[in-house]
Amino acid sequence: MQKIARHNSFSKALPFILPSLAGLIVFSLLPIITSLIISTSSWDGLTKLTLFTDAKSFFNNFYIGLKNFRDILKGDEFWKVLKNTLYFIVLYLPLILISSIAVANILNKKYRGIGFFRVLYYVPVLTSWVAGALIWKWALSPEYGIINEILDLIGIEGPKWLQSETWAMPSIVLASIWKDVGYFGLIFLGGLQSIDPTYYEAAEIDGATGWRKVWYITLPMLSPVTFFVIVISIINSFQLFPQVMVMTKDAGPNGATQVFVERIYKYAFKYHKMGYAAAYSWILFVIIFIFTTLQLKLQKRWVHYDT
Amino acid sequence: MTRKNINKYISTLIFYVVGGLTAAILLIPFFWMIVTSLKTKGALLSIPVEWIPKNPSLAAYEKIFKLEGFSKAIFNSFYLAITTTIVQILSASMAAYAFSKIRFKGNEALFRVYLATMMIPFQVVFIPLFIISSSLRLTNSLNAFLLLQLFNPFAIFMLRQKMMGINDSFIEAAIIDGANHFHIFTKVILPLSSGVIATLGIMSFMGSWNDYLLPLVMISDKKKFTLPLILNSLNGQYGSDYNLLMAGSLISIIPILIVFMFAQKYFRSGLQVGGVKA
């Protein structure tokens, strides 16, 4: 790409870059540095922060080195939070992949009225998580909710959902599938529509039938999209927050729905342990980073790129 | 009727049944929300559950608008969604213009710094963001959100991609006509990027309208509450008045649904490029 050579100085570019550059420095770089410093402190968030005005007194009063990190990793709570998150992923990931690929196949058909279906699938995507979580909290009410009423009609006694230690996390998973399936369905739809139909025609000539076509053409050709969906889903899973906060206010019975961002939020603003919360958020960053890098490494084994 | 025709009818039928069934599963919660919002408080706890309210009532809607701050929250949500979108698009397109059309020292390096910040999820930096905002006395102010939107690497990236594809001959022609960068940006580049701008704008509007974590951290003053925040606080205060909570939820969904109806095309392309806040 050729740039306009006659206007080639930084002073010409500066007015255009200035707003975003200011935002980058004040609201992105500065928070990252501040967060690293705070994570090595025992600052409570209530005492006046002197880091920017009198750093020396801040360090004298609050610096504790890597103690926050050690405390978090040594405590039982962190491992429970990690276990809860992994449990969410184990339930959520297969369900969202299957349901969103199914939705994409439905949306890919050229029947009359498909536009109406498309809109229906998007409605949960458009809904805010707070509203969606309130709806689910009420729908899952053990005595008065519609879900157990429907289960009752087909002769199943529904569980106590959010009030049960066993069922609290599956309830969060259910609501999350409902919220996300339209979004990932749309992503898969894009993938389906980009598969060259000549592959299917060639396979038909060779005598391939329905399921073989799915197995040997559709799934391999969709693998780059599947990879994208898995990476995004796992990153999102580590950042679960509104649904947990709204549906299970105190993180479920016996902490069954304690997750990272919920913990970080509560340490910072409810328990007034800002330093601890900041350290927690960096540990979360490292975990997300490791998981994402790992997937990028593993993708070579199963992701099929056409070109 | 030929055999092929019958097969076609059967598969069409299966499509409608399967599609309808999955859509029903997705929509039952919404049905439940609407039905509940039309019930009186007493009807909420009737067993067996009333699928259609016996005595439909708009009492929940009357009550919610009488609650302090609810109408204000609707206004705040609109104000926030519209203003943050304008600021984000303006700032991002300016930066994208500089990165794609002005040659200056450090162009590529600076752009790489912009992109690198995308690696850090918001959930990791919301604490220091709060700390810095409160040192700058920016908490409890809706206008402070505008400053936070000045830097949006994703929007800058998308717009830069688009602008790189705009032929420089347009710009050269404008320069010959005596235009400066400001003219080129407003008269040539922005109109040619309008599709991407619309997509990003819709995504930003929806993101702000539905956002929870950032307002939760930044705003504690009830007068500044947005719809998700007031619903969240009603959930604590009126935790068992589900007719009220469902009426509030429905009201919060309607505007975004209307925007969607009018701008479906942009929503779809926006979701497909991944510009949605999870």
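## Salt bridges of chain A

In this predicted model, the side chains of Asp71(A) and Lys67(A) meet in a salt bridge at 2.8 Å, N to O; the term stands for a side-chain nitrogen of Lys or Arg within 4 Å of a carboxyl oxygen of Asp or Glu. Both residues lie in helix H3 of chain A, four residues apart, about one turn of the helix. Helices here are DSSP runs of H or I with at least four residues, numbered from the N terminus. Asp71(A) is partly exposed at 31% relative accessible area, and Lys67(A) is partly exposed at 40%. On this scale buried means under 20%, exposed over 50%, and partly exposed in between (1.4 Å probe, protein chains only).

A salt bridge of 3.1 Å, N to O, joins the side chains of Arg263(A) and Glu77(A). Arg263(A) belongs to helix H12 and Glu77(A) to helix H4 of chain A, so the pair ties together parts that are 186 residues apart in sequence. Arg263(A) counts as buried, with 5% relative accessibility, whereas Glu77(A) is partly exposed at 23%. Over all chains, the structure holds nine salt bridges.

## The buried side of helix H3

Helix H3 of chain A spans residues 67–74, and its buried residues are Asn68(A), Phe69(A) and Ile72(A). They lie on the same side of H3(A), because they cover an arc of only 95° around the axis; the arc is taken from the directions from the helix axis to the C-beta atoms. The cover over these residues includes helices H1 (10–38), H4 (76–108) and H13 (274–302) of chain A.

## The interface of chains A and B

In chain A, 93 residues are in contact with 103 residues of chain B, contact meaning heavy atoms within 4.5 Å. The area buried between the two chains is about 8800 Å², and carbon and sulfur atoms give 78% of that area. Buried area is the accessible area (1.4 Å probe) that two parts lose on being put together, summed over both. H1(A) gives the largest share of the side of chain A that touches chain B, 21 residues.

## Basis of the values

Residues are numbered from 1 along each chain as its sequence is written, and chains are lettered from A and ligands numbered from 1 in the order in which they are written. Local features need pLDDT of at least 70 and side-chain atom pairs count only at pLDDT 80 or more, while totals for chains, interfaces and linings use all residues; side-chain values use heavy atoms, with hydrogens and water left out.

Methods:
Helix = DSSP H or I, 4+ residues; strand = E, 2+ residues; numbered from the N terminus.
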